[in-house]
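Welcome! Let's take a friendly walk through this structure together, going from the whole chain down to a single residue.

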Amino acid sequence: MAGKREDPFYSLKVELDESVNDLNQKMTRFHGLQAGNPERRTLSTQVDAGVESVRWQLEELAGAVDRAAGNPAKFNLTNEELTTRRRWIDNTNKTVGAIQDALKKASAAPAAAKGGARGGSSAPGGGGGAEPSDAVREANAKFVGVEAERQTLILRQQDEHLDDIEAAVSRIGNMGRNIGEELDGQSRLLNDLGEEMDTTYSRLRAAQKRMAEVIRSAGSGSQFCMIIVLVVVLMILMARAPEPSGRGRTAALAHRSAVRGISEGGALPGTLPLPPQAPAPPTTQPPVGRSSRASSASRASSANAAARAPPVRMIIRLRSRDGLERITVDDTATVMGLKAAINAALGIPPDQMRLSKDAGLLASKAHGEFADMANDGASIKSLGVAHGEMIYMLVSFERSVEPVYKKSAFDSRPFGASCTMDTILAKQTRIERQDKARFESVSIDRHAADKFQSYVQSALNFNIKRGGIMYGTFSEDGNTVKVDFIYEPPQSGSALQLTLERHTPEEAQVDFLAGLLGYQKVGWIFSQSKAKRDFILHTAELLQIAAMQEELGESCATVLVSWEENDQGGNVQFEAFQCSAQCVRLAKEGWIVPPTEGEPPVGVSKMVNPKEPSVTNAVIVASKDQAEVDNDYFLCPAAIASHDGRLHNVFPLENRLLPQGKPEVREHMRSTASQSYVERLSDFHLLLWLSKQPNLDSNDMILLCDAVKESKPVMEGYRVIIDSIAGISSG
């Protein structure tokens with residue numbers, strides 16, 4: 001639009017349109033005046049001069065267009081634009097010529113009537129001088145026709161401009177709505193971040209308080225200095241103590257011997273009497289120096305410390321072809337010591353077992369392979385065996401291993417001893433794994449799948465979850481779910497949550513049109529964000545799948561679209577699932593506890609008996625009482641495939657950031673002009689948009705959908721209506 005306003009052609013075009021409108025107004029005034037009115041002559045002169053001026057300007061404008069046609073690239077003009085300009089010049093010339101002809105004929109008519117009155121008499125009672133001549137009537141009719149055509153052209157141009165304005169306003173509204181949704185999502189993320197910051201700050205404050213308490217409890221520096229001073233005084237006193245002699249020396253030696261006996265593991269005085277020490281003669285006792293006494297005491301202390309360190313007991317997990325077992329052994333043991341412990345616990349002769357830290361030993365057939373623990377004299381600690389380590393053992397004979405799980409008192413009790421079957425079922429439910437889904441595969445129209453994943457990837461960057469309802473058919477044998485298009489209802493999503501606005505009037509219209517085309521709801525599809533997770537589905541997603549399956553039936557399919565990182569950056573993955581029938585029932589009855597707001601998503605669902613919430617372990621999984629169930633236990637995977645459906649899935653989808661209006665319909669119809677009209681209409685999203693227009697009601701949509709379904713020609717009347725809605729000229 002900005003380029004057109006800067007083009008001199010369009011500036012002159014506006015001026016000429018105003019001049020032609022002024023001439024039309026003057027002609028209208030001219031015809032309303034009587035023949036003898038002086039103003040009539042004045043208007044005739046003005047109209048005649050205006051016509052000449054407009055024609056001269058049109059000639060100049062036509063010459064400029066011809067010169068531009070010689071080098072259209074220089075003026076940035078297309079052949080279509082040049083043709084449009086020439087057509088407007090021709091139409092304006094015709095309009096001006098019609099005005100000039102009407103002026104001449106209207107001016108000549110009164111003169112002819114006056115001459116006839118002077119030359120002869122009128123018929124009795126005829127009054128013929130008052131009626132306009134045929135020439136005047138013809139001129140007026142021609143003028144009215146040209147003016148009507150011109151007004152129609154102006155109205156059509158105004159309609160196109162209004163359509164463009166409507167599309168722009170709608171686009172801006174959608175952008176504003178999406179910006180608002182994005183701001184809401186960012187606000188929620190900021191709130192979550194603020195809450196986490198508050199929690200971290202509280203923890204930091206608590207840690208600082210505990211640190212201050214530890215510092216205060218450790219005492220001040222003066223206490224530490226006092227201890228050092230006392231130790232120094234004690235050392236000085238010991239250094240200045242006189243050397244004992246005679247009986248005093250003998251007593252000192254006896255006391256030292258007693259102390260040494262205690263440190264070497266002897267009994268304390270008072271529990272077991274020490275043997276009496278005979279006093280040695282002073283002449284036979286050699287002098288003992290301080291340095292030798294200190295060295296002896298140091299060596300004795302080191303030997304005693306080594307003797308006091310007991311070996312650490314380790315638990316070694318022993319995996320064989322017969323199962324998993326556990327062996328307890330000292331950390332100082334050798335490989336032979338480990339084999340002896342295995343022999344003592346399991347009764348396996350050492351010469352009939354081979355040990356290794358490599359799991360490949362269990363599949364080995366050659367004797368010399370996996371010899372990392374073949375040296376019986378090597379310590380297991382030097383081989384890197386630590387507490388809880390897994391060691392693989394291969395034996396040369398068959399064994400039977402006692403099962404790890406042993407029946408509890410609840411499982412071993414006689415049936416009916418303390419309760420009835422109804423009481424047992426009322427308190428606990430046994431979770432059974434469903435072997436497979438109700439169908440074998442889900443096949444999605446490749447264009448519909450590409451439309452969904454490309455929008456999630458390009459517009460949302462897999463940061464916000466997106467969902468839609470799949471429509472299609474079931475194969476006759478029920479093994480294949482065939483999806484031909486996806487309807488995306490209004491929704492709100494974040495990185496972890498997705499809420500679809502269901503059961504709206506628009507969804508009812510979708511069901512109506514889908515039924516006319518022979519389709520029905522067959523499942524739903526949703527994408528996951530790039531948020532890191534170590535599970536397939538969290539509890540909220542599992543409950544959504546169960547609810548959708550409860551609504552649509554046991555053959556309802558769920559398709560998950562996710563982003564997988566790899567060395568090349570990543571790729572999009574499609575996976576098909578169905579939750580088990582037991583999961584649907586448990587979710588409906590309230591056994592699966594929904595996650596609370598703000599709770600981080602996990603791949604495990606908490607279970608509770610809705611009738612007896614006080615029961616701690618409400619379910620039995622693999623013969624064990626449990627309070628939680630892994631969500632994967634409820635999933636039944638199916639194969640995923642693609643096909644080319646009979647609908648195109650090219651027209652922009654509803655409820656997206658991208659616009660969907662008359663300009664898009666016009667572009668769609670023009671881009672598919674080479675196809676038959678029924679093929680151009682074979683797009684469900686286009687049919688849904690047309691059904692919302694006031695020009696077409698339910699009966700019209702029944703006929704249009706029948707033509708699309710049966711590939712029959714579309715009636716000419718509907719072609720005109722649809723082209724008119726799209727703003728496409730029939731010419």
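Among contacts in the chain between residues at least 6 apart in sequence, what percentage join residues at least 24 apart? The share is 69%. Keep in mind as you look around that this is a predicted model.

Now for the chain as a whole. There are 731 residues in the chain, and 32% of them count as buried. Its secondary structure includes 20 helices and 18 strands. As for the surface, the chain exposes about 43900 Å², and 56% of that is supplied by carbon and sulfur atoms.

With that overview in mind, let's visit a pair of helices. Find helix α2, which covers residues 8-31, and helix α3, which covers residues 38-70. Their axes lie 10 Å apart, and the two helices pack at an angle of about 155°. Angles over 145 degrees count as roughly antiparallel, so α2 and α3 are roughly antiparallel to each other. The crossing in which α2 passes α3 is left-handed. Which kinds of residues make up the contact of α2 with α3? They divide into 14 nonpolar, five polar and four charged residues.

You will find histidine 668 in helix α16, which spans residues 662-671. Is histidine 668 buried or exposed? Its relative accessible area is 6%, and a residue under 20% counts as buried, so histidine 668 is buried. If we set aside its neighbours within four places in sequence, histidine 668 is in contact with Phe651, Arg680 and Leu686.

Definitions and conventions. Residues numbered from 1 in each chain as written. Predicted model: local features only at pLDDT ≥ 70, side-chain atom pairs only at ≥ 80, totals over all residues. Heavy atoms only, no water. Axes fitted to C-alpha atoms, helices over the stretch in contact; angles between N-to-C directions. Helix = DSSP H or I, 4+ residues; strand = E, 2+ residues; numbered from the N terminus. Parallel < 35°, antiparallel > 145°, perpendicular 65-115°, else oblique. Left-handed = near helix turned anticlockwise from the far one by under 90°. Nonpolar A, V, L, I, M, F, W, Y, C, P; charged D, E, K, R; others polar. Buried < 20%, exposed > 50% of the residue type's maximum accessible area, 1.4 Å probe, protein only. Contact = heavy atoms within 4.5 Å. Areas by Shrake-Rupley, 256 points an atom, 1.4 Å probe, with all protein chains shown as cover.
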